[in-house]
Amino acid sequence: MKADQHQRKYLSDYKPPNFTINETRLEFSLDSQRTSVKSRLQISRCCSDRSASLTLDGIELRLLSLSIDGVLLQADQYKLGAEQLTIYTVPDEFELACEVEINPSANTRLEGLYLSSGNFCTQCEAEGFRFITYYIDRPDVMSVFTTRIIGDKDRLPVLLSNGNRVNSGQIGGRHWVEWADPFPKPSYLFALVAGDLARVDGEFVTSSGKTVTLQFFTEHHNRDKCGHALASLQKAMKWDEDTFGLEYDLDLYMVVAVDDFNMGAMENKGLNVFNTKYVLANPQTATDDDYHAIEAVIGHEYFHNWTGNRVTCRDWFQISLKEGLTVFRDQEFSSDMTSRAIQRISDVRVLRNHQFPEDAGPMAHPVRPASYQEINNFYTATVYNKGAEVIRMLHTLLGSGDFRKGMDLYFQRHDGQAVTTDDFRQVMQDVSGIDLNQFQLWYEQSGTPKIEIDRQYDAEKKCLELKIKQDAGDTQGKPNQAFHLPMRLSLFDQQGQAVGLDADGRVELMVDIRKSEQTMRFNNIAELPVVSAFRGYSAPIILHTDHSDEDLALLMSCDTDPFNRWEAGQQYASRIMLNMLNMTPDGWPEQMRGLIDTFGLILSDEQLEIQLMAEMLVLPSEKYLGEMIEIVDIHKIRNVRESVRRALADRYELLLKGHYQSASSQVGYRGEPEDIAKRRLKNTCLNYLLTLDKTEYFDLCLQQFEAADNMTDQIGCLLPIVHFQNHYRNLIVEKFYQQWQETALVVDKWFSAQASSYASGSLNTIIPLFEHEAYTLQNPNRARSLLGALIANSSAFHQSDGAGYKFVADKILQLDAINPQIAARMANPFLHWRKLIPTQSKMMKQQIEKMLSNKGISNDLNELITTSLQGKAN
């Protein structure tokens with residue numbers, strides 16, 4: 001347990017390190033309970049204070065020996081604390097030798113060195129290296145690493161670390177391998193893996209003609225599930241060369257898939273460690289969404305080789321420097337591999353469902369946070385997803401050509417350095433000549449800007465004025481300054497034709513918005529047009545316009561930007577459902593009539609791409625709707641949304657059935673985009689048809705489940721059927737488990753599906769699953785599969801008697817004693833108790849106070865729930 005409980009760190013307090021480590025030599029003698037770690041560090045003073053002592057980070061380490069330049073230190077020459085080792089007097093240049101002992105088998109936090117299915121594995125970002133040995137564990141201390149690993153040859157035939165393999169040998173029944181990484185890196189990028197693992201080989205020939213060996217390691221029974229991940233890596237390497245001119249810099253690139261992992265993956269230099277969820281796939285066990293996620297995450301971690309590894313962040317306040325930039329890069333990669341429009345819709349859904357609530361809640365923080373108590377709590381949607389939107393805006397403002405020049409200069413100027421978001425912004429400003437000082441506010445201010453656009457049309461003068469107002473929100477109660485943001489803009493006439501916007505007849509403009517209020521004027525406009533603003537979602541804002549329902553319906557059918565066509569439908573549906581929340585149910589049919597009519601046009605449009613049709617049929621989420629109102633009645637929102645879904649299904653039953661049958665005509669599984677789109681539309685239609693509660697469609701669901709030759713179609717039956725209480729549900733749930741009980745990642749899906757049920761009394765059917773023999777809180781994937789899905793289930797978690805809050809709070813406390821990182825992430829929904837109606841708000845607050853009163857609460861969880869009660873981050 002960390003001893004600096006509840007202390008905050010501030011960006012304003014940053015100071016360069018007094019010492020740096022030029023070279024790091026490590027030797028691990030692996031044992032499940034008593035692993036010896038020897039380190040030899042070449043250290044240099046880099047401050048003018050010759051009397052400054054050396055302070056090293058270290059937690060839960062048993063110190064065995066400590067020496068400087070071969071001379072053993074006596075107890076009075078250093079101070080050993082719970083988290084730090086301080087050596088009082090040191091030379092300007094010296095070698096520090098240290099030996100410690102650690103217990104990997106007792107490490108349930110999964111930080112530092114731990115065991116996963118009998119294999120040794122490390123996770124060092126952000127501050128995990130201090131659980132391995134004493135070190136200056138901060139990202140601006142970059143060192144060249146050489147690592148020797150010693151282990152039992154039979155139990156641990158595979159010994160891996162960063163860089164290139166340079167030497168090996170054997171001593172009796174134990175063997176050793178030595179690895180050398182020629183590129184300086186901070187300690188958070190160190191990695192070690194040892195175990196009995198299968199290897200899948202591949203290669204990639206770079207643009208300069210160098211052959212890079214690619215190796216994937218996993219448990220032997222999963223060897224046949226690495227093919228897609230390997231192909232994805234090869235695509236990512238080619239894409240990065242073609243798009244950014246970035247070539248891989250080592251001879252070997254390794255990926256290890258492990259069952260026990262807190263995150264999705266980790267970009268350790270040359271040795272990526274992945275959650276098995278983002279490596280293992282075949283059509284029978286992985287959905288189309290899984291395949292897409294694997295490709296994206298494989299790409300993300302590879303792209304970190306340059307944006308994160310070769311150029312890293314100076315301090316942890318700068319996480320978005322590497323993560324926001326790399327998320328943008330992986331989104332662009334995915335867009336080029338699939339459909340740009342569908343990828344954009346997916347990315348914005350994530351932003352709205354996860355980052356918008358964060359920006360509106362007590363843990364709201366800028367993309368570059370000003371302070372934190374526990375850095376693990378700031379691997380957030382704001383840092384990652386909003387950070388990517390900030391990079392996307394720069395790309396839009398500069399244009400692709402200048403943005404690429406900026407990236408080139410960024411690497412030329414900062415390769416091998418630990419830098420800041422200011423350094424990145426300065427590079428883009430230097431290349432483009434655009435003043436980006438105001439743009440820097442995106443890194444310094446929290447909140448989601450609200451934009452209002454009002455039309456003022458003079459029919460006599462044929463002149464249109466657009467009045468644009470920006471409400472920049474606030475940061476910790478202090479009003480924000482206006483943001484600098486780009487708006488891609490088009491106009492359409494009442495016949496759905498694009499309107500020329502200038503003398504050159506351009507139909508789209510890129511508009512710089514820098515002020516709280518500004519006006520645009522267009523002449524020779526024949527009639528009042530509809531406005532397609534922020535096309536492609538060119539800025540992460542909340543947009544309000546004076547469009548009528550008819551205007552939104554027109555944009556749904558005519559907008560030439562696929563994203564904005566989808567967005568018009570989202571805005572229209574949101575408006576209607578929000579109106580329904582403020583009226584009695586007897587008024588709902590009339591209120592939704594126009595919306596239902598418009599959805600008929602979507603279903604009848606033979607020219608509409610199948611992918612886009614499937615996306616447009618998905619209504620805005622309950623979470624997104626909840627963010628649009630002050631006080632949330634969770635159950636009323638669900639009732640409203642489900643009423644719209646049932647009304648759509650009832651009105652268009654034959655059209656939905658026809659689309660289902662048409663999309664089901666494919667023979668055998670294929671992973672081509674057209675086939676993926678058909679499966680998406682087919683399962684969306686089935687979901688709607690099941691709301692009609694007819695035996696015909698329950699039979700259809702069972703038939704699809706039993707005939708399915710792929711996981712997408714199987715899960716497409718399991719997910720909707722769990723919302724019903726009938727023998728079809730029981731049969732599909734039972735058959736699914738019997739078929740897949742030996743496949744861990746699929747069992748995770750089984751738990752998640754059942755925990756998502758909003759059938760009446762679903763909490764009572766979900767709670768017993770926590771006692772299932774296959775469930776455990778020890779494994780992060782399994783913990784998330786059931787507990788995480790229950791928390792996301794608005795009906796069960798928010799059960800009106802508060803039983804959901806109490807059960808989840810108890811489970812979070814259990815999990816906190818095992819794995820504080822995962823527990824804190826599970827506690828996020830408790831941040832928003834103030835938004836609930838009073839009866840539920842009171843019950844949730846009681847559970848927050850109960851968690852806070854627990855004496856053994858971790859730093860991670862304490863920060864979240866304390867901030868929740870305070871109402872804002874410090």
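Student: What does α5 span, end to end?

Tutor: Helix α5 covers residues 381-398, 18 residues in total, and reaches 25 Å from its first C-alpha to its last. That is close to the 26 Å expected at 1.5 Å a residue, where the expected span is 1.5 Å times one less than the number of residues. Helices here (H or I, at least four residues) and strands (E, at least two) are DSSP runs, numbered from the N terminus.

Student: Before we go on, what kind of model is this?

Tutor: It is a predicted model: local features need pLDDT of at least 70, side-chain atom pairs count only at pLDDT 80 or more, and totals for chains, interfaces and linings use all residues. Residues are numbered from 1 along each chain as its sequence is written, and side-chain values use heavy atoms, with hydrogens and water left out.

Student: Back to α5. Where does it bend?

Tutor: At G387, by about 25°. The bend at a residue is the angle between axes fitted to the seven residues ending there and the seven starting there.

Student: Why is α5 described as largely enclosed?

Tutor: Because 16 of its 18 residues are buried, α5 is largely enclosed by the rest of the structure. Buried means under 20% relative accessible area, exposed over 50%, partly exposed in between (1.4 Å probe, protein chains only).

Student: What follows α5?

Tutor: G399, with a positive phi near 85°.

Student: And α3, how many of its residues are buried?

Tutor: 17 of 19, so α3 is mostly covered. Helix α3 takes in residues 319-337 and reaches 27 Å from first C-alpha to last, close to the 27 Å expected at 1.5 Å a residue.

Student: Switching to strands. How many bridges join β25 to β26?

Tutor: Nine, and the two strands run antiparallel. β25 is residues 450-458 and β26 is residues 463-471. Two strands pair if DSSP finds at least two bridges between them. Within this pair, I453 stands opposite I468 in β26.

Student: Which residue in that hairpin takes a positive phi?

Tutor: K462, near 50°. The hairpin of β25 and β26 has four residues between the strands.

Student: What about the β31 pairing with β26?

Tutor: Six bridges join β26 to β31 (residues 517-522), again antiparallel. M520 in β31 is the bridge partner of L466.

Student: Now single residues. Is S574 buried or exposed?

Tutor: S574 is buried, at a relative accessible area of 2%. It sits in helix α10 (residues 562-581).

Student: What does S574 touch?

Tutor: P620, Y624, L625 and M628, not counting residues up to four places away in sequence. Contact means heavy atoms within 4.5 Å.

Student: And where is Y372?

Tutor: In strand β23, residues 371-372. Y372 is buried too, at 5% relative accessible area. Leaving out residues up to four places away in sequence, its contacts include Q7, W316, F378 and E863.

Student: How far is Y372 from I791?

Tutor: Their C-alpha atoms are separated by 25 Å, and they lie 419 residues apart along the chain.

Student: Zoom out. How many helices and strands are there?

Tutor: The chain has 27 helices and 33 strands. Of its 874 residues, 61% count as buried.

Student: What about contacts across the sequence?

Tutor: Among contacts between residues at least 6 apart in sequence, 70% join residues at least 24 apart.

Student: Last one: what box does the chain fill?

Tutor: Its C-alpha atoms fill roughly 90 × 65 × 60 Å, taken along the principal axes.
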